[in-house]
Amino acid sequence: MTTNEKQTKSKDRVREHGEVFTAEREVNAMLDLVKCETERIDSRFLEPACGNGNFLIKILERKLDVVDKAYKRSQWDWEIHAMVAVSSLYGVELLPDNVAECVSRLFDYFKQRYKARYKAKTSHIYLENVLYLLKKNIVCGDALTLLQADGKPIIFSEWGFSGSKVIRRDFTMSNLLKSSEKQAKPTLFDLQPEEKLPVPVRQYPAVNYLEIKNYA
Ligand SMILES: C[S@@+](CC[C@H](N)C(=O)[O-])C[C@H]1O[C@@H](n2cnc3c(N)ncnc32)[C@H](O)[C@@H]1O
């Protein structure tokens, strides 16, 4: 179940933060405008005011439908590609409770799909790594100042998958946006050729997909 019917939490939050969540019908209609991208497992989406995840969860649902169809036979293939789908979803949200709710909604939904499919064969370690990815990609911060609450810059990690291996590179949101202005297109979120990407602030060694959570 990916629907979240309630569109507001309180009048104060609407007034102070413009917090009105988008209804499922509108979410789907808007996603249909970029239908092909929502059905491409590795296409990256960034929602700069993601609330509790109404858009991100629907994109996850669509991507997992594709993974289900394309990787019926091998659990390993399903796990890798489902993880690629998760790793492609990014959000920024100002309010910490919305961030926590967004992460847990996406994770619970993912877990439910994974467990329904593989039942006793599901891996606890795999799920821990999926949760780690979600916690890294859904950032609590201000999408206008591009800073987190502690004043540090918002950082996004790029997750590059090659077989079982994953390479992480970190970029500041500010550099990604500067770079995207120059190119009139988003960068990390638009699969630009390597030479046009901004310089990462940190690059990590490759690890197995079940060891992502061991990144510092
Ligand atoms: C209109 S709601 C939309 C939420 C979600 N995108 C949806 O459609 O359901 C706007 C969200 O942006 C958040 N927000 C407000 N100012 C923000 C800012 N400067 N940076 C990041 N998020 C912000 C609010 O807390 C709220 O959750």
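The legends below describe several views of one predicted model.

View 1. Taken along the principal axes, the C-alpha atoms fill a box of roughly 50 × 40 × 35 Å, and 44% of the 216 residues count as buried. The chain exposes about 11200 Å², and carbon and sulfur atoms supply 56% of that area. Among contacts between residues at least 6 apart in sequence, 69% join residues that are at least 24 apart.

**View 2. The open sheet of four strands, E1 to E4.** The strands of this open sheet follow the order E1-E2-E3-E4, and their pairing is mixed. Strand E1, residues 45–47, and strand E4, residues 147–148, are the edge strands, each of which pairs on one side only. Strand E3, residues 138–142, pairs with E4 in the antiparallel sense over two bridges, and here Gly141 stands opposite Gln148 in E4.

**View 3. Helix H6 across strands E2 and E3.** Helix H6, which spans residues 96–118, lies across strand E2 (89–93) and strand E3, and the helix runs at about 165° to E3.

View 4. When its neighbours within four places in sequence are left aside, Tyr114 is in contact with Gln75, Trp78, Glu79, Lys119, Lys121, Thr122, Ser123, Tyr126 and Leu127. For a sense of distance, Tyr114 and Leu60 are 54 residues apart in sequence, and their C-alpha atoms lie 13 Å apart in space.

**View 5. The hairpin of strands E5 and E6.** Strand E5, residues 155–162, and strand E6 pair in the antiparallel sense over eight bridges, and within this pairing Ser157 stands opposite Asp170 in E6. The hairpin has two residues between its strands, and in it Gly163 takes a positive phi near 60°. Strand E6, residues 165–172, is mostly covered, since six of its eight residues are buried.

View 6. Arg169 has Gln203 in E7 as its bridge partner. Two bridges also join E6 to strand E8, residues 207–208, again in the antiparallel sense, and in E8 the bridge partner of Lys165 is Asn208.

**View 7. Cysteines in a structure with zero disulfides.** The structure holds zero disulfides. Cys102 counts as buried, because its relative accessibility is 0%, under the limit of 20% that defines a buried residue. The closest cysteine sulfur to that of Cys102 belongs to Cys50, at 4.2 Å, which is too far for a bond, given that a disulfide requires a pair of cysteine sulfur atoms within 2.5 Å. Cys36, by contrast, is exposed, with a relative accessible area of 63%.

Methods: Residues numbered from 1 in each chain as written. Predicted model: local features only at pLDDT ≥ 70, side-chain atom pairs only at ≥ 80, totals over all residues. Heavy atoms only, no water. Pairing = 2+ DSSP bridges. Contact = heavy atoms within 4.5 Å. Axes fitted to C-alpha atoms, helices over the stretch in contact; angles between N-to-C directions. Buried < 20%, exposed > 50% of the residue type's maximum accessible area, 1.4 Å probe, protein only. Areas by Shrake-Rupley, 256 points an atom, 1.4 Å probe, with all protein chains shown as cover.
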